[in-house]
Amino acid sequence: LKTFMNDAAIDVGGMTVAQYLARLAAEATTIINAEDYGRAIYDLAIRRNLILIGEGMVNVAYDAPVDMPPRTQIEDAEKSLFELAETGRYDGGFRRFTDAMARALDMAAAAYQRDGKLSGISTGLTDLDQRLGGLQHSDLVILAGRPGMGKTALATNIAFNIAKAYRFEVEPDGTHKTTNGGIVGFFSLEMSADQLATRIVAEQAAIPSYKIRRGDLNEKEFYELTKAAQEIQSLPLYIDDTGGLSIVQLAARARRLKRQRGLDFMVVDYLQLLSGSSKKGENRVQELTEITTGLKALAKELHVPIMALSQLSRQVENRDDKRPQLSDLRESGSIEQDADAVMFVFREEYYLKNKEPKPGTEEHLKWQTDMAQVHGRAEVIIGKQRHGPTGTVMLQFEDSVTRFSDLADADRLPERFE
């Protein structure tokens with residue numbers, strides 16, 4: 001080596017060997033800077049992949065066949081971008097049982113210390129929380145019922161309660177860690193955002209929504225409406241009212257919300273309005289199977305509970321006892337199979353109201369007695385639950401403002417002194 005260094009005639013890229021070795025020594029990396037160099041290489045690799053995705057989008061757009069819909073390319077591009085955004089995460093593979101057990105014990109300890117002793121997110125309805133243990137992360141919860149039962153009302157009540165209870169603490173890296181309640185994403189495929197907002201404001205201001213639409217408000221009601229609207233404006237409740245979404249598009253939008261603003265709870269209203277990737281005219285049962293499987297996978301991926309509303313078959317109307325049961329979901333493919341919990345909303349008052357006999361008759365007196373017993377009451381029938389028992393939870397329902405609340409049983413009322 002000394003001979004080479006003394007030989008000034010040897011040239012390495014325009015430098016002598018001595019100059020080249022001196023430069024190598026000066027520019028050598030150190031262990032201290034390894035993390036920074038690794039991050040720089042990682043960032044450059046991400047940029048290179050972004051260039052490849054961009055070039056691929058351009059080439060596909062130029063060379064795509066005429067019958068290829070642009071929406072398909074958009075969905076593929078979004079999927080590629082989100083896959084790239086998620087690179088670097090390690091979520092899969094086998095885990096030691098002791099690690100999983102430690103996380104289970106941590107969850108139990110957190111539930112013990114949390115108000116209400118819940119392992120999941122509180123719905124804001126005490127009796128329902130006690131039965132479910134809260135809404136569990138990564139669970140797909142199906143909320144089903146016939147039209148007029150109040151599915152959307154119950155879902156909006158729960159969404160509002162979770163958003164209102166949202167609290168967080170700042171982590172050392174500057175991110176926000178949810179400590180109570182949560183950030184809510186509401187996919188309203190049936191109602192517009194304006195209609196949904198009107199309903200939520202009406203529920204919280206205790207004013208019938210038809211009075212808000214007509215502007216038929218007195219001064220006190222307008223004050224309550226304004227107060228409720230101001231409170232709701234500050235809540236982390238985000239609504240997407242785009243109609244005709246596919247399960248792929250919904251998943252992409254949910255991932256985007258999770259990355260940009262955070263996401264702790266998601267509602268889909270309702271399941272049958274989503275579309276799958278299959279072509280029109282193919283088996284609808286298979287399409288719904290794809291949708292429910294995709295929602296369950298999305299719940300696990302985002303680590304949030306997803307509540308999906310569902311219609312029931314009309315066979316309920318043909319029974320004397322119109323309380324829904326799991327068999328009413330069978331026409332919808334794998335809803336029952338993929339769901340971690342299935343709940344039905346049932347209001348006997350809705351059916352009894354339409355059976356009023358002729359006034360003044362003995363049947364009418366009996367009808368009035370029956371109506372008094374069921375007035376303002378709703379049943380949430382838990383037909384399936386992987387984490388606990390099934391059963392029925394009784395709730396209070398205010399029909400005029402479509403609001404659910406805990407039922408005021410006699411044992412919960414203050415002590416009376418006569």
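Visitor: How many salt bridges does a search of the whole structure find?
Guide: The search finds 9 salt bridges, each being a side-chain nitrogen of Lys or Arg within 4 Å of a carboxyl oxygen of Asp or Glu. This is a predicted model, in which local features need pLDDT of at least 70 and side-chain atom pairs count only at pLDDT 80 or more, whereas totals for chains, interfaces and linings use all residues. Residues are numbered from 1 along each chain as its sequence is written, and side-chain values use heavy atoms, with hydrogens and water left out.

Visitor: Which residue does Lys164 meet in a salt bridge?
Guide: Its partner is Glu231, at 3.4 Å from N to O. Lys164 belongs to helix H7 and Glu231 to helix H10 (residues 219-233), so this pair ties together parts 67 residues apart in sequence. Helices (H or I, at least four residues) and strands (E, at least two) are DSSP runs, numbered from the N terminus.

Visitor: How accessible are Lys164 and Glu231?
Guide: Lys164 is partly exposed at 42% relative accessibility, and Glu231 is partly exposed at 33%. Buried means under 20% relative accessible area, exposed means over 50%, and partly exposed lies in between (1.4 Å probe, protein chains only).

Visitor: And what does Glu301 pair with?
Guide: Glu301 forms a salt bridge with Arg255, at 2.7 Å from N to O. Glu301 lies in helix H12 (residues 284-302) and Arg255 in helix H11 (residues 247-260), so the bridge ties together parts that are 46 residues apart in sequence. Glu301 is partly exposed, with a relative accessible area of 32%.

Visitor: Which residues are linked in a network of salt bridges?
Guide: Lys296, Asp340 and Arg386 are linked in this way. Within it, the side chains of Asp340 and Arg386 meet at 2.7 Å, N to O. Asp340 is in the loop between helix H13 (335-338) and strand E8 (341-346), and Arg386 is in the loop between strand E9 (377-385) and strand E10 (391-398), so the pair ties together parts 46 residues apart in sequence.

Visitor: Is Asp340 buried or exposed?
Guide: Asp340 is buried, with a relative accessible area of 5%, whereas Arg386 counts as partly exposed at 45%.

Visitor: Turning to the nonpolar core, how many residues has the largest one?
Guide: The largest nonpolar core has 81 residues, and those with the most contacts inside it are Leu295 and Met307. Helix H7 (residues 151-164) gives the most to this core, with 8 residues. Such a core is a set of buried Ala, Val, Leu, Ile, Met, Phe, Trp, Tyr and Cys residues joined through side-chain atoms within 4.5 Å.

Visitor: What is Met307 in contact with?
Guide: Leaving aside neighbours within four places in sequence, the partners of Met307 include Leu135, Val141, Ile158, Phe265 and Met343. Contact means heavy atoms within 4.5 Å.

Visitor: Where does Leu312 lie?
Guide: Leu312 is in the loop between strand E7 (306-311) and H13, and is buried with a relative accessible area of 6%. The C-alpha atoms of Leu312 and Leu329, 17 residues apart along the chain, are separated by 6.2 Å. Beyond four places in sequence, Leu312 has contacts that include Ala144, Arg146, Pro324, Leu329 and Phe344.

Visitor: Which residues line the largest cavity?
Guide: The lining consists of Leu132, Gly134, Leu135, Gln136, Asp139, Val141, Ala341, Gln385 and His387. A cavity is a set of points on a 1 Å grid over the protein atoms alone where a 1.4 Å probe fits but cannot get out, and lining residues have an atom within 4 Å of a point.

Visitor: What volume has the largest cavity?
Guide: The volume is about 70 Å³, meaning the space filled by probe spheres set on the points, with grid points joined across faces, edges and corners.

Visitor: Last topic: what phi does Ser138 have?
Guide: Ser138 has a positive phi of about 75° although it is not a glycine. Most residues other than glycine have a negative phi. Ser138 lies in the loop between helix H6 (126-132) and strand E1 (140-145), and counts as buried at 13% relative accessibility. His303 also has a positive phi, of about 60°, and is partly exposed at 48%.

Key:
On a 1 Å grid over the protein atoms alone, a cavity is a set of points where a 1.4 Å probe fits but cannot get out, and a pocket is an open set with protein on both sides within 12 Å along at least five of seven lines; lining residues have an atom within 4 Å of a point.
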